[in-house]
Amino acid sequence: MKHVGVVLSGCGVYDGTEIHEAVITLLALDRAGATAVCMAPDVDQTQVIDHRSEQETGERRNVLAESARIARGNVRNIQDVRAGELDALIFPGGFGAAKNLSSFAFKGPECTVHGDVTRLVKQMHQAGKPIGVMCISPVVVARIFGGEIRLELTIGNDRETAEAIERMGAKHVEVPVTEIVVDKDNKVVSTPAYMCANTISEAATGIEKLVGAVLSMT
């Protein structure tokens, strides 16, 4: 049975993991007979957003504790996870990828990425194990490799984010929401998901293709 790491960043699109994307990913992995290994950093969120008003609340919430809501409690601190335990790694999107896993939401192409996220991604790449990224999370791997490897990635058709990805040294490929981009040389698969999706079924089509492509590389 394949073990696939799923990196979460909180719970909720505006300050954490995009819940639909995470659930579709977990469902697709389970249907394929793979075991999901959910994980997240044990840090405070940079923001807490009221998802009705989309305004900051001033609360404090922990990324790992919030991610446990999606994982039904079965979530690990990413600092304790090593590439040797995994066959692949997948990042759902949501602003948590740009606010908690990285500082992209605040610093754009000059952002930094959480140290254990960087470590695990580099370990996976060095071991030749595939990585899937969706929605805004392609910016995380673009920043980690910073042009030392010219990844091919997609976030759909958002021009500003695509330009930021190019500035970080990756190549952006525009595709519709239901499609994926497969960087065969680097074993990285990406799909736009809710960067472009108008419905959950549109997001699901691309995410399910991504999961299938990632598993085919293991």
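Which residues in α8 are buried? In α8, Ala 203, Ala 204, Gly 206, Ile 207, Leu 210, Val 211, Ala 213, Val 214 and Leu 215 are buried, where buried means under 20% relative accessible area, with a 1.4 Å probe and protein chains only. This is a predicted model, in which local features need pLDDT of at least 70 and side-chain atom pairs count only at pLDDT 80 or more, while totals for chains, interfaces and linings use all residues. Residues are numbered from 1 along each chain as its sequence is written, and side-chain values use heavy atoms, with hydrogens and water left out.

**Helix α8**

- Helices are DSSP runs of H or I with at least four residues, strands are runs of E with at least two, and both are numbered from the N terminus.
- Helix α8 covers residues 200–216, and its end C-alpha atoms are 24 Å apart, which agrees with the 24 Å that its 17 residues should span at 1.5 Å a residue; the expected span is 1.5 Å times one less than the number of residues.
- The cover over the buried residues of α8 includes β1 (3–7), α1 (19–31), β6 (88–91), β7, β10 (181–183) and β11 (188–191).

**Met 134**

- Met 134 belongs to strand β7 and is buried, because its relative accessible area is 0%.
- Beyond its neighbours within four places in sequence, Met 134 is in contact (heavy atoms within 4.5 Å) with residues including Glu 21, Thr 25, Ile 207 and Leu 210.
- The C-alpha atoms of Met 134 and Glu 160 are separated by 16 Å, and these residues are 26 residues apart along the chain.

**Ser 137**

- Ser 137 sits in the loop between β7 (131–134) and α6 (138–145), and it counts as buried because its relative accessibility is 0%.
- The side chain of Ser 137 reaches the backbone oxygen of Met 134 at 2.7 Å, and a polar atom of that side chain lies 3.1 Å from the backbone oxygen of Phe 91.
- With neighbours within four places in sequence left aside, Ser 137 is in contact with Phe 91, Pro 92 and Ala 97.
- Ser 137 and Ser 190 are 8.9 Å apart in space, C-alpha to C-alpha, and 53 residues apart in sequence.

**The largest pocket**

- The largest pocket has a volume of about 170 Å³.
- Among the residues that line the largest pocket are Val 13, Tyr 14, Cys 135, Ile 136, Tyr 194 and Met 195.
- α3 (95–99) and α4 (104–107) each supply at least two residues of this lining.
- By class, the lining has 10 nonpolar, 1 polar and no charged residues.

Notes:
Buried < 20%, exposed > 50% of the residue type's maximum accessible area, 1.4 Å probe, protein only. Polar contact = N/O pair within 3.5 Å; in protein donor to acceptor, adjacent residues only side chain to side chain. 1 Å grid on protein atoms, 1.4 Å probe; cavity = no way out; pocket = protein on both sides within 12 Å on 5 of 7 lines; lining within 4 Å. Points joined across faces, edges and corners; volume = space filled by probe spheres on them. Nonpolar A, V, L, I, M, F, W, Y, C, P; charged D, E, K, R; others polar.
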